[in-house]
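Dear colleague,

Please find below the structure that I am handing over to you. My notes on it follow directly after.

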Amino acid sequence: MPSEYTLLITLAEATKLLFVIAIGACVGSLMNVLVYRLPRGLDIVSPPSRCPICDTRLTWRENIPVIGWLLLGGKCRFCRARISPEYPIVEACIAILFGAIYAVWYMLPRGWGWVAWLRPEWATNGLILTWPMLLIVLTLLSCLAAMTLIDAKTRLIPLGLLWFPAIVGLGLHASHVLVFEARGLELRHTAPGTRWTIPLAGPAGWWWVGASIGGVIGLAAGNLLIGLGLIRRSFADYDTWEKQALEQEAADRAEQAGSPIPDGENRSGAVAAEGRAIPPDLSDPEAQAELWIQYPHARREMVRELAFLAPCVSLAILGGKLAQHLAGPWSPDLMYGLEPAHAVPLWLDVIVGSLMGYLIAGGVVWGARILASLAFGKEALGLGDVHLMAGVGACVGWIDPILAFFAAAFIGVFFEALRAILARRVRRTLAFGPCLAMGTALVVLCKPGAEWLLGMILHRTINLP
Ligand SMILES: [Zn+2]
């Protein structure tokens with residue numbers, strides 16, 4: 001009977017959705033562990049979760065995401081110490097995010113207008129053909145969430161958390177496409193101009209192949225130069241400078257305390273009295289950031305970073321030109337202008353698309369960092385932000401991170417304005433990592449909708465019926 005069949009299908013779909021939500025809750029739980037343990041330099045796997053006050057180990061029931069916290073009533077079973085509601089909230093948020101993405105991309109009927117807007121083109125190929133991309137996006141968003149929490153708390157981003165999505169993105173894209181090639185499969189629905197779930201250069205894109213190989217070799221060369229001591233890591237003398245700055249501050253304070261009426265000739269004491277804000281307490285991340293932007297050699301350090309990047313950029317250009325030359329002779333073609341003697345195979349196109357996403361996204365942020373730091377004489381944008389967006393690029397290709405970068409600037413300005421209004425003070429530094437993470441989530445989740453809207457507007461304005 002058709003009604004029983006429909007019921008069965010609905011039940012199966014609901015089970016799948018619940019499964020995805022449960023996985024999301026577990027990932028949220030893992031994120032909590034990372035957020036707590038990574039900044040403290042603790043081991044991620046062992047020891048098992050326990051009460052930070054009395055060391056009582058959690059039972060398996062208390063370890064269940066969200067439900068465990070509710071069972072305990074938000075208090076340790078043994079010492080009654082309060083357990084932060086942040087943990088179940090993070091778990092619930094990640095669970096809802098996983099469920100919502102799965103439902104919108106693969107479950108809900110396409111007939112619902114907004115589902116079609118929010119569903120990326122490639123997701124219409126179905127879960128069986130595109131699950132690696134779902135896994136990549138969920139991994140990326142989870143790591144961004146954990147990173148945002150850590151950055152907001154400590155102003156530092158653990159590099160491992162940024163490398164992980166890059167490795168997952170490149171690895172899964174490569175294995176996904178290699179399995180496809182081996183089985184003769186291909187994605188039938190993709191965004192216009194691409195053959196995959198991410199933007200690619202296409203069959204004539206030999207320039208990208210050479211450029212990505214050259215760029216990666218150049219990055220390795222830059223790291224080798226640092227390893228051999230031929231160029232120095234940027235901001236390598238920061239710790240020494242920080243120590244001196246603090247000692248100076250302490251000396252100034254002692255001098256001030258010793259002579260309550262400072263005479264006019266005592267320049268350093270006068271400067272300190274004006275409150276030049278060298279903060280003595282470095283356990284406060286805000287104070288650390290304040291000291292960080294007072295480092296006077298930011299411009300010089302940017303020249304170091306340019307030296308590091310020189311082999312990467314020049315080898316990328318050289319590689320691109322060489323590959324284009326080797327792929328010839330190029331014959332005229334109606335669609336692309338010129339066509340190479342051999343087309344780039346899909347597997348190479350995808351691997352290179354992920355690599356170029358990594359290089360371009362990282363390069364854009366790094367370029368902005370160098371230009372802004374040279375202009376202001378202070379370190380603008382951290383190297384963590386560079387790693388962050390490079391990882392995003394490896395996962396979703398080169399276009400989204402650039403859009404996310406601009407979105408992040410607007411998000412940052414918006415929140416800073418909000419803070420200035422609410423707290424009536426302006427901070428001189430801004431934690432940009434969380435803004436980048438938010439911008440990325442916004443672009444990855446809402447871009448299909450924006451494209452649809454843009455298409456509608458263009459369609460309406462260009463060919464009116
Ligand atoms: Zn306890």
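**Helix α13 and what follows it**

Helix α13 is mostly covered, with 13 of its 14 residues buried (a residue is buried if 20 or more other C-beta atoms lie within 10 Å of its own, exposed if 12 or fewer, and partly exposed in between, with C-beta atoms placed from the backbone). This is a predicted model, in which local features need pLDDT of at least 70 and side-chain atom pairs count only at pLDDT 80 or more, while totals for chains, interfaces and linings use all residues. Residues are numbered from 1 along each chain as its sequence is written.

Helix α13 covers residues 383-396 and reaches 20 Å from its first C-alpha to its last, close to the expected 20 Å (1.5 Å times one less than the number of residues). Just after α13, Gly397 has a positive phi of about 85°.

**The chain overall**

The chain holds 15 helices and 2 strands (DSSP runs numbered from the N terminus: H or I of at least four residues for helices, E of at least two for strands). Of its 465 residues, 33% count as buried.

**Helices α5 and α6**

Helix α5 (residues 127-154) packs against helix α6 (residues 159-183) at an angle of about 175°, and their axes are 9 Å apart (axes are lines fitted to C-alpha atoms over the stretch in contact, and angles run from 0 to 180 degrees between N-to-C directions). The pair is therefore roughly antiparallel (over 145 degrees; under 35 is roughly parallel, 65 to 115 roughly perpendicular and the rest oblique). Residues of α5 that meet α6 include Pro132, Leu135 and Met147, and those on the α6 side include Phe164, Val168 and His176 (contact means C-beta atoms, placed from the backbone, within 7 Å). The residues of this contact comprise 13 nonpolar, 3 polar and no charged (Ala, Val, Leu, Ile, Met, Phe, Trp, Tyr, Cys and Pro are nonpolar, Asp, Glu, Lys and Arg charged, and the others, Gly among them, polar).

**Helix α7**

Helix α7 (residues 206-227) has 22 residues and reaches 32 Å, close to the 32 Å expected. Among its buried residues are Trp206, Trp207 and Trp208. The cover over the buried residues of α7 includes α11 (298-326) and α12 (346-376). Gly229, which follows α7, has a positive phi near 80°.

**Two loop residues**

Asp55 is not a glycine, yet has a positive phi of about 70°. Asp55 lies in the loop between α1 (2-37) and α2 (67-72), and counts as exposed because it has 11 C-beta neighbours inside 10 Å.

With kind regards

Terms used. Contact = placed C-beta atoms within 7 Å.
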